[in-house]
Amino acid sequence: MKAGVIVCSDRSFYGEREDKSGPVICDFLSNRGFDVEYKVVPDDKDTIKEAIVSMVDDGAVLVLTSGGTGLAPRDVTPEATLEVIDKQVPGIAEAIRYESLKYTKNAMLSRGVSGVRGQSLIVNLAGSPKAASESLEIIEKPLLHAIDLV
């Protein structure tokens with residue numbers, strides 16, 4: 001199965017900061033048998049939309065984004081995701097926020113969303129490697145079941 005990982009970060013895209021969350025997510029997926037496509041894009045809504053659609057069109061059954069889910073002016077990943085999905089799967093994002101509150105109260109500031117485009121599941125994760133890893137642990141079993149359903 002194909003999966004896509006899109007890191008949404010101006011600083012990583014322009015080489016100002018090494019991306020550390022993408023490799024964590026890629027390892028998680030690879031260890032579960034996925035063939036992973038990885039891309040770093042700037043915090044630009046149209047670019048994020050194009051990356052998601054491209055990965056879905058290339059056969060990814062799962063697309064995980066990392067970053068751009070907070071309150072900063074350039075955090076637009078949820079908006080981009082909402083514009084390309086056919087239907088929302090709010091329970092995934094709700095579960096991530098709920099369980100993440102056990103680690104940090106800042107989890108309530110996440111605006112990440114989840115949804116389906118065609119036969120692909122798309123999930124927004126936070127940008128930090130620790131938060132992304134914790135989120136994947138929270139949703140791992142339902143995520144694999146959702147992929148089967150979609």
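Student: What share of the 150 residues in the chain is made up of buried residues, and what makes a residue count as buried?

Tutor: Buried residues make up 44% of the 150 residues, where buried means under 20% relative accessible area, exposed means over 50%, and partly exposed lies in between, with a 1.4 Å probe and protein chains only. This is a predicted model, in which local features need pLDDT of at least 70 and side-chain atom pairs count only at pLDDT 80 or more, while totals for chains, interfaces and linings use all residues. Residues are numbered from 1 along each chain as its sequence is written, and side-chain values use heavy atoms, with hydrogens and water left out.

Student: Why is serine 100 called buried?

Tutor: Serine 100, which has its place in helix α5, has a relative accessibility of 10%, and therefore it counts as buried.

Student: Which residues is serine 100 in contact with, once its neighbours within four places in sequence are left aside?

Tutor: Serine 100 is in contact with Ala107, Ser135 and Ile138, contact meaning heavy atoms within 4.5 Å. Serine 100 and isoleucine 138 are 38 residues apart along the chain, and their C-alpha atoms are separated by 8.5 Å.

Student: What pattern does the chain follow along the sequence, and why is it called as compact as a globular protein of its length?

Tutor: The chain has six helices and six strands, which are DSSP runs (H or I of at least four residues for helices, E of at least two for strands) numbered from the N terminus. In sequence order the pattern is β-α-α-β-α-β-α-β-α-β-β-α. The radius of gyration is 14 Å, close to the 15 Å that the globule rule gives for 150 residues, so the chain is as compact as a globular protein of that length; the radius is taken over C-alpha atoms, and the rule is 2.2 Å times the number of residues to the power 0.38.

Student: How are the residues that line the largest pocket divided into nonpolar, polar and charged?

Tutor: The lining divides into 11 nonpolar, 17 polar and 11 charged residues, where Asp, Glu, Lys and Arg count as charged, Ala, Val, Leu, Ile, Met, Phe, Trp, Tyr, Cys and Pro as nonpolar, and the others, Gly among them, as polar.

Student: Which element gives the most to the lining of the largest pocket?

Tutor: Helix α6 gives the most, with five residues, and among the elements that each supply at least two are also β1 (2–8) and α5 (90–100).
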